[in-house]
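Let's take a walk through this structure and look at how its charged side chains pair up. Have it open as you read.

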Amino acid sequence: MKKEKVKDRIIRVASDLFYRQGYNSTGINQIIADANIAIGSLYNHFSSKNELLHAYLIKEELAWFEGVEKSIEGCSDPKEKIEALMDYRKQLQKSSTFAGCHFIKIISEIGDTNPVVSDFVKKHKEKQKDLIRTLVEQSQLPDIDLAAETIFLLIEGAVVTSTIQKKTDSFDHAKKIVQGLLF
């Protein structure tokens, strides 16, 4: 088994802590202790907690889009791809035990106090919407922008609702609405 690099371990540990307990509630000393590293090791790789937060967001964005790609790779029909995207988001909620979206959580905690982070999150959500728009364009719906915005909002609403209710019914309802749009 390949040994995990120190930088990767720091990001993994910080990511888990930021997601589970929040960025503001996670201290550098806890990251150092949980990663089982010396303080110098952390600062050799990251100049600040904020830089570590940025690395966390990049990691999560890459994982999110890789997960989407894997989810839709077996689908040839654009409508099936949209449904697969919705199933992927539902599965993310289940696997996180309904902890919610990494990006929604961080922006709700940080707000606009950190423009780099808030811009990153806004751009991430725009990339999600662009992906949906591309799939909608391929399915040749009449009003592409309205359909893409509707599907995006239904998915985001399902994420928030399932986080609150701790169940996936909202995804099933959203999927039925999207199927009505698509077919």
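Arg 12 is partly exposed, at 42% relative accessible area (that label sits between buried, under 20%, and exposed, over 50%, with a 1.4 Å probe and protein chains only). Its partner is Glu 4: the two side chains meet in a salt bridge, 2.9 Å from N to O. Here a salt bridge takes a side-chain nitrogen of Lys or Arg within 4 Å of a carboxyl oxygen of Asp or Glu. Glu 4 is partly exposed too, at 31% relative accessibility.

A quick word on what you're looking at: this is a predicted model, where local features need pLDDT of at least 70, side-chain atom pairs count only at pLDDT 80 or more, and totals for chains, interfaces and linings use all residues. Residues are numbered from 1 along each chain as its sequence is written, and side-chain values use heavy atoms, leaving out hydrogens and water.

Now for Glu 156 and Arg 89, whose closest N and O atoms are 3.1 Å apart in a salt bridge. Glu 156 belongs to helix H8 (residues 144-165) and Arg 89 to helix H5 (residues 78-95), so this pair ties together parts 67 residues apart in sequence. (Helices are DSSP runs of H or I, at least four residues, numbered from the N terminus.) Glu 156 counts as buried at 10% relative accessibility, and Arg 89 is buried at 4%.

Lys 90 forms a salt bridge with Asp 172, with 2.7 Å between the closest N and O atoms. That pair links helix H5 to helix H9 (residues 169-182), across 82 residues. Lys 90 is buried at 18%, while Asp 172 is partly exposed at 32%.

Terms used:
Helices (H or I, at least four residues) and strands (E, at least two) are DSSP runs, numbered from the N terminus.
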